[in-house]
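This briefing covers selected local features of a structure with lettered chains. Please read the points below alongside the sequence and the coordinates.

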Amino acid sequence: MSFDLQRVLESKRAYRQKLAARPVAEKLRLLDELCERAHAIRRASAAVHEPGKVAEDPAPYEAKRRAGKTR
Amino acid sequence: MNIKEAITIINQMQADGVIGRYAIAGAVGATFYLEPVTTLDVDIFVAFRAEPGKLILSLRPIYDYLAARGCPTEGEYIVIAGWPVQFLPPGTPLVEEALNEAIEHDIDGEPVRVFSAEHLCAIALQVGRAKDKARLLQFVEAGAFEAARFQSILTRHGLVDRWQQFERQFLRDQP
């Protein structure tokens, strides 16, 4: 195991490139799993949400802003 | 959760005439060009069809169609195959162009329209939140878009100054 930061960063970059190069169908299956985890984390963190916590407005598009659908 | 199944249902909805052209944007769209990126939902831009006799575009036909197929609603989302999906009209000329010029991809025989990498980058630049900038950096780092096409989009939509600012902030001030 190496603690050379440069090598660690290069290794991370190479892994991301390898993931990006996978077939779309496989990447979408990974996305299914990631989304399931993200929802589980959100459900868990909602239970310990602290009022006044700073969070970025997630509404990304003009259409959402116009519709007043910022959350 | 099964995004491919969700896409199959959306394609059927298009074939049944409920929606016109559609294209996937956001993190799910970016996954067609980059490594998978964690997200909570699917953003789908749709060329809405106005209901007869009505000038205001309505999501009602989409909700009704999907509800009849067992898809529940959660706030502004419709849950399709476990994925919260939001259908959006193109709200800016840039997004409208992105919808018109979306790329057709294939997922094991299932066609799907996705915003081009260049349009995803331009939209990320225009929206400009931290996570949009991070995604744009991912595209830059991966070399996953065509620079000339991206530049022409920036020029058409008045985003050249913003891109130069982004370059100064993130791409030139490296240690």
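Chain A has three helices and zero strands. From the N terminus on, the elements of chain A follow the order α-α-α. The model is predicted.

- Of the 71 residues of chain A, 10% count as buried.
- Helix H1 of chain A covers residues 5–20.
- At 1.5 Å a residue, the 16 residues of H1(A) should span 22 Å, and the end C-alpha atoms are 22 Å apart, which agrees.
- H1(A) is hardly covered, because the count of buried residues among its 16 residues is zero, and a buried residue needs 20 or more other C-beta atoms within 10 Å of its own.

**Chain B: the hairpin of E6 and E7**
- Strand E6 (residues 103–107) and strand E7 (residues 110–114) of chain B run antiparallel and are joined by five bridges.
- Ile107(B) has Glu110(B) in E7(B) as its bridge partner.
- Two residues lie between the strands of this hairpin, and Asp108(B) takes a positive phi near 45°.

**Chain B: Ala134 in helix H6**
- Helix H6 of chain B spans residues 130–142, and Ala134(B) lies in it.
- Is Ala134(B) buried or exposed? Ala134(B) is exposed, because it has 12 other C-beta atoms within 10 Å and the cut-off for exposed is 12 or fewer.
- Ala134(B) and Glu35(B) are 99 residues apart in sequence, and their C-alpha atoms are 13 Å apart in space.

Key:
Residues are numbered from 1 along each chain as its sequence is written. Chains are lettered from A and ligands numbered from 1 in the order in which they are written. This is a predicted model: local features need pLDDT of at least 70, side-chain atom pairs count only at pLDDT 80 or more; totals for chains, interfaces and linings use all residues. Two strands pair if DSSP finds at least two bridges between them. Helices (H or I, at least four residues) and strands (E, at least two) are DSSP runs, numbered from the N terminus. The expected span of a helix is 1.5 Å times one less than its number of residues.
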